[in-house]
Each structure stands twice: as C-alpha cells, then as structure tokens.
Amino acid sequence: MTDKIKTLKTREYEVCGPIGALLLLFLIPGTLFYLLLTCNTEDASMLSVPGPLPPLETLWDSTAVTIVLVWFSLQAVLYVLPLGTVVEGIPLKDNTRLKYKINAFHAMVVSFLLAGLALALGMPLSYVYDHFLQLAVGAGFLGLALSIFMYVKALTALESALAPGGNSGNPIYDFFMGHELNPRIGSFDLKYFCELRPGLIGWCLINLCFLVKEIELRGSASLSMILVCVFQAIYVMDALWNEEAILTTMNIFYEGFGFYLAFGDLCWIPFTYSLQAYFLVSHPQELGTLAAVGILLLNTVGYIIFRGSNSQKNAFRRNPSDPRVAGFETIPTATGKRLLVSGWWGMVRHPNYLGDLIMALAWCLPCGYTHILPYFYVIYFTVHLIHREARDEHQCMKKYGLAWQEYCKRVPYRIFPYIY
Ligand code: NDP
C-alpha cells in the first residue's frame, strides 16, 4: 500500500504543463485588474486599449489591506466556533477520513448581521466601492502569501498527503496546481475553509456595499441591481446551505491547494463575480418589468436544473436506495458504483453545469445590451465549465472505462442538449 501511495505522481499535465502554469500565474491577476480598471472607465469598453496603470503607490492601501485581513480572520473565527455539525469526508488514499465542520451558513448569517449593524451605526459601506481596486490588491496578496505558505508546508508533508494533480516534481507547476491535497493546521482545513467562506460570503457583502453606493448616488436601488444582488445571494446561500456537498467535488478530493485555488477563492471569485454590480453603480441601466420577469424566469429555470441535478447525484452517491432516486435507471460499473442514466443525468452528462450557466446568463442580462464587460462572467464561466467537464470526463473514463462509454452512448450530449 505504502509503495502504491509513493508512486502516485502527476503523470498527465493540465493547463499545458509548467509553461502554462507560469503564464497563468500572471494572466489570472492581470485579467482581474484589467476588468476592474476597464469597468472604472466611462465607456467600460473591452474593445478599447486600456489606459495607463494607476500609480503603484495608490494601489497599496494599508486600510484596505487591514480590512481584507480582518475579514479573513473573522471568517476563520466563525469557522472554529463550536457551531453546526461535524461530518466525515470521502475516504482518502490511506482509507482514513477527515472530519469537516459544517457551519458556513451560520457564518453567512453572522456576517450579514454584522454588516446590518455596521449600516445601522452609519459606517460607510460604500468605502468598498471607492477602494475596490485596493481591496482586490490586498486580497490578491493574501492569496499569493497563502499559496507560498502552502507550497513550503507541502515540502515536508508525507507523500500520501500530496495531491494527485499537483505532484509532478516541477515546482512552478506544483505551486500553481497545489502540492498538498488537504493542508491543515491542527484540525483547521485551509482549502475547505477558503472554498466557501471568505470569498463567497465576501462576494455577497461586496454586492451589498455596491447596492448601498447606488442608493447614495441616486436615492434608490435600481431593479437591475436588486435582481443581480438577490440572484447571487440565493446562489451563495444555496452553496453554504448544502456545504456538505462540496466534500464530493473535484476541488476537495482531487485538487491540491495551490495558487489556482487560493487566489481563485480569495480574490478572483469575490472581485470578478461581483463585476455586474460594480458595473451597475457607474453605468445605470433601465430595466422594464417584462424584461425583469423574463430574467427572473430564466434564473428560476437555471436554479431548478442546477439544484435538482446536484441533489439527485448527492442523494444517489450517499444512498442509492434513497426514495428520491430509487426508481431511476442506472448503469453498473466495475468499481461497484453505478451511474444514473435517468432523471436530470439522463438529459445531458453535466446537467448541473447547464443549470449553472443558465443562471450565469440571467445574472448578466440585467446589465443591458450595450456593453460586453458585464457579460464577462457568463463567457468566462462557459469556457471554465467546458474545460472542467472535459477534465471530469477524462477522469470518469479512467475510473469507469466501458461503463462510461455506455453512459456516453445513452446520453450523448455533455452540457447543452442537442448542441454540445
Ligand atoms: P460534479 O458535481 O458534476 O461531479 C462530477 C462527478 O459526478 C463525476 O466525477 C462522477 O464522480 C459523478 N458522476 C458523473 N456522472 C454521473 C452519473 N451519471 N451518475 C452518478 N454520478 C455521476 O462536479 P463539480 O465538482 O465540477 O461541480 C459541482 C457543482 O459546482 C456544479 O453544480 C458546478 O456547476 C458548480 N461549480 C461552480 C463553480 C463556480 O465558480 N461557481 C466552479 C466549479 C463548479 P463519482 O462517480 O466518482 O461520484
């Protein structure tokens, strides 16, 4: 067993290997700052050449950095508080299971109560809009510092604790992909903590601050802003309410915790996913009632597919005789696990991605049709999920072989019915 564990090296590179990883180390933060800088201009046009960078000394703001650190620490305290329940993750390579705290929803409720208190006390929440770039710089450095810490920590970790996707021996590649699978300090799981809390809850609070800024500027919140904030808050609440479901996702059982996830969780998610609300503050849009109802319906359809398919799979993986999935048609595999071929998973091979993408479009539409910039999210997310789907297919083909081929024959489309 030990020898087997020792040979679990990364054999297939993703992101075009170390060169791709090196490029992405610059491209990801570069794209983020390009988006924020462009959004700040009057025409917010992605087609025009970006203006000169603001002076570097204006980007580093000690108050903004302190706010980021206080926010991160507050979430860490809420995570360790004896609130919520504890569950076990899926078995690791050595057949042990880690324990995980389930209390992210509590953390969100407490965070919003604190934000409400700050508002009642007259604290200037619109600071977040006015110093968005500086806050993003602070969060970016935190993500970078955490990934450096994680990589150094992984150098002394047991071979069996390393991530199959980030154990190539190339330091740049492993730093980017994440060298250790589940880095922990005591029982504090750094990857699990960062996945849902500081970034996702932060994203919702950033939206709230933009809504406050809009009211300050125009006396009331626009319908577009309300729709964006409500849709995204529902999405985040859903993720936190179903926190346990994250334990069976690729991010937890396969990917290490490196720059890709640390920067992604702490900086990319809160500062690019809130781009629509950021855009709406400076580029107000008129949204008619009929258009709003249409967008609401679109988001509802997306949510039903997203939640329905994720719940069916989770119920099935936890207990195949669960009454919600017991009557479904399945394909047996050589591993003993079965694959669903009816219900949502009989429509396309990744119905949860389809639902997610429909919602992504509904979040961009309130920003009108004059700019591409607020549509960045749905464009990026489509590329991201198509790439993610291809990675998952590759893993499933390795895991299930002939049974997976049979599933692909029975359910020929990957994400979009009759298209892809
Ligand atoms: P999935 O939850 O889709 O999990 C894929 C796994 O499901 C496969 O590896 C396989 O694992 C199992 N599976 C696949 N087909 C079947 C089937 N027919 N029957 C039973 N099991 C099957 O992957 P993700 O972790 O990528 O996504 C989880 C959710 O998170 C999605 O809704 C996605 O849209 C969302 N997401 C959101 C992101 C964001 O930034 N907002 C980013 C990434 C994801 P096994 O057989 O081993 O159980």
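This note comments on a few local features of a predicted model, beginning with a loop and then turning to helices and annotated spans.

1. In the loop between α1 (2-6) and α2 (17-39) sits Val15, whose phi is positive, at about 45 degrees, although Val15 is not a glycine.

2. With a relative accessible area of 73%, Cys16 is exposed, since the term applies over 50%.

3. Helix α16, which covers residues 351-364, has 14 residues, and the distance from its first C-alpha to its last is 20 Å, close to the 20 Å expected at 1.5 Å a residue. Of the 14 residues of α16, 13 are buried, and the helix is therefore largely enclosed by the rest of the structure.

4. The UniProt record, an unreviewed entry, places the feature "transmembrane region" at several spans, including residues 21-38, 58-81, 257-275 and 357-381. A reader may wish to set such annotations beside the model, as the next point does for two of them.

5. Over residues 58-81 the model is 88% helix and 0% strand, with the end C-alpha atoms 37 Å apart. Residues 257-275 are 79% helix and 0% strand, and the end C-alpha atoms of that span are separated by 25 Å.

How values were computed:
Residues are numbered from 1 along each chain as its sequence is written. This is a predicted model: local features need pLDDT of at least 70, side-chain atom pairs count only at pLDDT 80 or more; totals for chains, interfaces and linings use all residues. Side-chain values use heavy atoms; hydrogens and water are left out. Helices (H or I, at least four residues) and strands (E, at least two) are DSSP runs, numbered from the N terminus. Buried means under 20% relative accessible area, exposed over 50%, partly exposed in between (1.4 Å probe, protein chains only). The expected span of a helix is 1.5 Å times one less than its number of residues. UniProt positions are given in the numbering used here, feature names are shortened, and annotations may be inferred rather than shown by experiment.
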